[in-house]
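Have the viewer open as you read.

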Amino acid sequence: MPPLSNLAVRDIETVLHPYTNLDTHRTIGPIVFERGEGVFLYDSNGKEYIEGLAGLWCTSLGYGNEELVEAAAEQMRRLPFSHMFAGKSHDPGIALAEKLKEIAPCEISKVFFVSSGSEANDTQVKLAWYFNNALGRPNKKKIISRLRGYHGVTVASASLTGLPYNHIDFDLPISNILHTDCPHPYRGMEAGETEEDFATRMADSLDALIQKEGPDTVAAFIAEPVMGAGGVIIPPKTYYEKVKAVLDKYDVLFIDDEVICGFGRLGTMFGAQTMGMQPDTVSVAKALSSAYQPIGAVMVPERMYQAMIDESKKLGTFGHGYTYSGHPVAAAVAVKTLEIYEREDIVGKVNAISPTFQSRLKALGEHPLVGEARGLGMIGALELVADKDTRRAFDPKAGVGAKVTAFAEAEGLIVRALGGDIIALCPPLVISEDEIGELFDRLGRALDKAEAFVSAQNLR
Ligand code: PMP
């Protein structure tokens with residue numbers, strides 16, 4: 001291993017890294033990035049990487065977008081901060097709320113601003129509770145999410161997240177949060193079952209959980225259209241229509257977490273439209289500003305808003321809000337981002353390039369390490385397996401996914417290994433056909449090196 005740079009040493013001495021192996025980081029150290037341009041990042045040694053995950057599924061317009069830089073600078077000069085508490089407002093916040101209301105995937109009335117996906121989903125939990133208190137249903141408080149769903153890491157949103165490493169040792173989930181089955185066809189479908197049968201089984205299982213808990217105790221169900229961090233999991237056909245029928249039967253709110261799928265990723269403005277979801281309320285973040293500023297939003301339907309007005313009369317205020325709810329610089333950048341998506345027809349662009357992306361992705365399904373290559377629009381994943389026929393996974397301790405990401409980095413490609421040795425891809429939406437080709441060439445070489453490593457180490 002080459003000696004650590006001065007920056008790397010300073011990092012190791014000072015930074016507690018999110019989602020990092022704290023033990024190995026002390027010797028491996030960080031990759032320190034210095035700048036970005038388009039879909040490329042450059043580290044402190046000048047090495048070039050294709051950003052295959054758009055940062056953390058978020059930099060949809062890539063790096064170096066001067067219009068976004070200008071929008072931020074202009075707003076910073078004019079009004080760098082103003083809040084929205086106690087009825088205060090500002091024009092970028094109003095313009096952003098108007099735009100979100102116009103493009104939302106369901107009928108909405110008001111927009112509540114936050115700074116992240118976790119804050120959006122924490123707010124969703126609190127609003128579901130507030131709403132049911134307003135309706136005089138104090139027992140209707142449980143929120144159901146799905147195993148392997150990802151909704152954030154704050155106390156409530158980490159509880160919604162259905163992944164063991166977000167719960168174990170953090171004393172989570174909190175009470176009133178339940179998890180139903182993960183609709184993962186590759187791992188969950190039984191022999192002889194069709195996608196529709198599998199969807200029926202998943203919806204029946206949700207129905208049974210609500211029955212067991214008592215429908216009067218269940219407030220909401222939350223789902224990502226396509227699960228991202230849980231493994232890029234695409235539910236079977238008819239899943240959402242069957243789930244929706246169950247939710248309607250028991251008057252359970254449907255929360256759509258569009259933090260990854262929102263703003264064109266699946267080939268429609270919102271993932272709900274591609275997947276045929278009919279939500280009541282929506283969380284967005286990440287690509288809302290192409291990640292140039294931290295901002296998210298919760299979209300609130302009229303019936304919730306009306307009930308909230310009545311409830312807030314009791315204490316004279318709606319007691320929820322962040323200092324940075326609707327930060328004007330973040331809002332100005334988000335307004336500009338949405339303007340660019342519209343002007344550049346980002347949805348049309350995704351539909352134009354995704355066939356190339358998906359066909360190169362699916363071709364890697366033939367690789368000896370890959371059990372399934374799956375994807376939709378401009379998101380995809382490779383699920384690595386020790387045995388393609390039986391779908392047997394590698395021993396997690398062997399770290400085969402991490403090995404692929406390390407080989408990919410050496411090839412100049414950033415991808416992410418998710419739990420279960422799943423390699424996720426979610427490049428900036430501005431990627432060109434040639435860059436897609438280059439991305440998969442680099443990934444193919446990384447997989448070949450990983451295969452050689454697996455064979456040499458007898459990891460099967
Ligand atoms: N929801 C989804 C679907 C996400 O993918 C994420 C982040 N990966 C979050 C919520 C949490 O967002 P944040 O990290 O901005 O808090």
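## A buried alanine

A71 counts as buried because it has 25 C-beta neighbours inside 10 Å. (Buried takes 20 or more other C-beta atoms within 10 Å of a residue's own, exposed takes 12 or fewer, and partly exposed is in between; C-beta atoms are placed from the backbone.) You'll find A71 in helix α4, residues 66-78. Helices here are DSSP runs of H or I with at least four residues, strands are runs of E with at least two, and both are numbered from the N terminus.

What does A71 touch, not counting residues up to four places away in sequence? The answer is A332, V333 and K336, where contact means that C-beta atoms, placed from the backbone, lie within 7 Å. The C-alpha atoms of A71 and A334 are 9.1 Å apart, even though 263 residues separate the two along the chain.

Before going on, a word on the source: this is a predicted model, in which local features need pLDDT of at least 70 and side-chain atom pairs count only at pLDDT 80 or more, while totals for chains, interfaces and linings use all residues. Residues are numbered from 1 along each chain as its sequence is written.

## The whole chain

The chain has 17 helices and 15 strands. Its radius of gyration is 22 Å, close to the 23 Å that the globule rule gives for 460 residues, so the chain is as compact as a globular protein of that length. (That radius is taken over C-alpha atoms, and the rule is 2.2 Å times the number of residues to the power 0.38.) Along the principal axes, the C-alpha atoms fill a box of roughly 70 × 60 × 45 Å. Buried residues make up 48% of the 460. Of the contacts with a separation of 6 or more, 72% are between residues 24 or more positions apart.

## Two partners of α17

Helix α17 (residues 433-456) meets α16 (residues 400-411), and it also meets α15 (residues 346-363).

| Pair | Axes come within | Crossing angle |
|---|---|---|
| α16 and α17 | 8 Å | roughly 135° |
| α15 and α17 | 10 Å | roughly 15° |

Axes are lines fitted to C-alpha atoms, for helices over the stretch in contact, and angles run from 0 to 180 degrees between N-to-C directions. Under 35 degrees counts as roughly parallel, over 145 as roughly antiparallel, 65 to 115 as roughly perpendicular, and the rest as oblique.

So α16 and α17 are oblique to each other. On the α16 side, the contact residues include V400, F407 and E411, and among those in α17 are R442, A446 and F453. The residues of this contact divide into 10 nonpolar, no polar and 5 charged. (Nonpolar covers Ala, Val, Leu, Ile, Met, Phe, Trp, Tyr, Cys and Pro; charged covers Asp, Glu, Lys and Arg; the others, Gly among them, are polar.)

Turning to the other pair, I353, T356, F357 and R360 in α15 meet E433, I436 and F440 in α17. That contact has 4 nonpolar, 1 polar and 2 charged residues.

Most residues other than glycine have a negative phi, and most peptide bonds are trans. Y19, in the loop between α1 (6-14) and α2 (22-28), has a positive phi near 40°. N458, in the segment after α17, has a positive phi of about 55°. Y19 is exposed, with 10 other C-beta atoms within 10 Å, and N458 is exposed with 6.

Finally, a cis peptide bond joins L172 and P173, with omega about 5°. P173 sits in the loop between α8 (164-167) and β6 (177-180).

Conventions. Contact = placed C-beta atoms within 7 Å.
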